[in-house]
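I opened the notebook to record what I looked up in this structure, entry by entry. The sequence and coordinates come before my notes.

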Amino acid sequence: MVNIGITSLDNVVFPLNLQKINLSSNQITTIDNVVFPPNLQELQLLNNQITNIDNVVFPQSLQKLILSTNLLTNIQNVIFIFLYKFTYRCTFNFNKTLTIL
């Protein structure tokens, strides 16, 4: 689903069996109240216009999270269960000044 004009992921519930989601190069601006699949291993959201991520739980199975080249300024009420293992695979490059609450 790369570069197809998606503008929002608010309140989206993905199919439970997805392991990889690539939503790069869309016009997504916020990610709020999203339920990601429990077996998701890779999530690519680079090159969007994301400014805010709120009320999201990233699953423990996640091994790669790419949020580079967005406009991120705020991450709050987000749980990164996987980060203790995979920090080196979590990228936030080329964003604005980012506040994580």
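I began with strand S2 (residues 30–32), which runs parallel to S4 and is joined to S4 by 3 bridges; two strands count as paired if DSSP finds at least two bridges between them, and strands (E, at least two residues) and helices (H or I, at least four) are DSSP runs numbered from the N terminus. Within this pairing I noted that Thr30 has Asn52, in S4, as its bridge partner.

Before going further I recorded that this is a predicted model, in which local features need pLDDT of at least 70 and side-chain atom pairs count only at pLDDT 80 or more, while totals for chains, interfaces and linings use all residues. Residues are numbered from 1 along each chain as its sequence is written, and side-chain values use heavy atoms, with hydrogens and water left out.

I then asked how many residues of S4 are buried. I found 5 of the 7 buried, so S4 is largely enclosed by the rest of the structure; buried means under 20% relative accessible area, exposed over 50%, and partly exposed in between, with a 1.4 Å probe and protein chains only.

For Leu45 I listed the contacts (heavy atoms within 4.5 Å): leaving aside neighbours within four places in sequence, they include Leu9, Ile31, Ile50 and Ile66.

Gln44 sits in strand S3 (residues 42–44) and is buried, with a relative accessible area of 16%. I noted a polar contact of 2.4 Å between the side chains of Gln44 and Glu42, where such a contact is a pair of N or O atoms within 3.5 Å, one able to donate a hydrogen and the other to accept it.

Gln19, in the segment before strand S1 (20–22), is partly exposed at 42% relative accessible area. Gln19 and Leu43 are 24 residues apart in sequence, and I read 8.6 Å between their C-alpha atoms.

**Whole chain**
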